[in-house]
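Trainee: Please take a close look at one part for me: the ligand site and the pocket around it. I would like one connected account.

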Amino acid sequence: MFTKRVIFPGSFDPLTNGHVDIVGRALSVFGEVVVAVLNNPSKTPLFSAEERVALIQEHFQEDSRVRIETFSGLLVDFVRENKSNIILRGLRAISDFDYEAQMALMNRTLDPSVETFFLTAREENSYVSSSLVKQVAPFGGDVSKLVPAVVGRALQEKFGRSR
Ligand code: ADP
């Protein structure tokens, strides 16, 4: 019924339940979500871009409406190359707003045909972030309520099972 393709860009280092929720809810409005994993060579991520893509792919493997790609460079170029004109972002708290509004305005300046859509986080995910997961997981903190099972296993492999 809905055919529009939307681009969901981010670091996804790693994928959290917050991201998963945004993708799921976007699919009730849009026909296809392209998860665009930012490959930023100037940053040292916990999971490489390839690992992040593999984890997201594994989580969404049953759903043909979700495609996973990496990108570097300008997001609006990636959006155009993927024959879309919609960027999807999530908003957790008012503290996200400032940065997100700047990004949306910059992207609109770069390409006025591209629109940014925002979905607010679910209450139970409003504190969930990849960076929080990365702060807790190395010390054996239980992040199983914050990330999909496949990511939980990858974190355990990275940091060991010892508690
Ligand atoms: P970035 O470095 O681009 O912010 P992230 O992977 O941290 O990449 O986030 C990607 C997108 O997902 C952002 O729009 C962010 O606001 C959104 N997001 C992250 N965590 C949540 C959450 N818990 N609930 C809703 N949206 C979220």
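Mentor: Start with a definition: a pocket here is an open set of grid points, on a 1 Å grid over the protein atoms alone, with protein on both sides within 12 Å along at least five of seven lines, and lining residues have an atom within 4 Å of a point. Keep in mind that this is a predicted model.

On those terms, the largest pocket has 47 lining residues. Nearest its centre lie Pro-9, Gly-10, Ser-11, Phe-12 and Arg-89. Several elements give two or more residues to this lining: S1, H1, helix H3 (75-81), S4, helix H4 (94-110), strand S5 (115-120) and helix H5 (130-136). H4 gives the most, with eight residues. Sorted by class, the lining has 21 nonpolar, 16 polar and ten charged residues. The space in the largest pocket is about 1,100 Å³.

Now the ligand. It sits in this largest pocket. Around the ligand are 15 residues. Those that come nearest are Ser-11, Phe-12, Gly-90, Asn-125 and Val-128. Three elements each supply at least two residues of the shell: strand S1 (5-10), helix H1 (17-26) and strand S4 (86-91). By class, the shell holds six nonpolar, six polar and three charged residues.

Take the oxygen side of the ligand: one oxygen atom lies 2.5 Å from a backbone N or O atom of Gly-90. Then take nitrogen. A polar backbone atom of Asn-125 is 2.8 Å from a ligand nitrogen atom. Arg-92 uses its side chain instead: an N or O atom there is 3.3 Å from a nitrogen atom of the ligand. As for cover, the ligand on its own has 550 Å² of accessible area, and the protein covers 88% of it.

Last, the loop between S1 and H1. Phe-12 lies in this loop. Its phi is positive, about 50°, although Phe-12 is not a glycine. Pro-14 has its place in the loop between S1 and H1 too. The peptide bond that joins Asp-13 and Pro-14 is cis, with omega about 0°. Why pick out these two features? Because most residues other than glycine have a negative phi, and most peptide bonds are trans.

Methods: Residues numbered from 1 in each chain as written. Predicted model: local features only at pLDDT ≥ 70, side-chain atom pairs only at ≥ 80, totals over all residues. Heavy atoms only, no water. Near = heavy atom within 4 Å. Polar contact = N/O pair within 3.5 Å; in protein donor to acceptor, adjacent residues only side chain to side chain. Areas by Shrake-Rupley, 256 points an atom, 1.4 Å probe, with all protein chains shown as cover. 1 Å grid on protein atoms, 1.4 Å probe; cavity = no way out; pocket = protein on both sides within 12 Å on 5 of 7 lines; lining within 4 Å. Sits in = over half its atoms within 2 Å of the grid points. Helix = DSSP H or I, 4+ residues; strand = E, 2+ residues; numbered from the N terminus. Nonpolar A, V, L, I, M, F, W, Y, C, P; charged D, E, K, R; others polar. Points joined across faces, edges and corners; volume = space filled by probe spheres on them.
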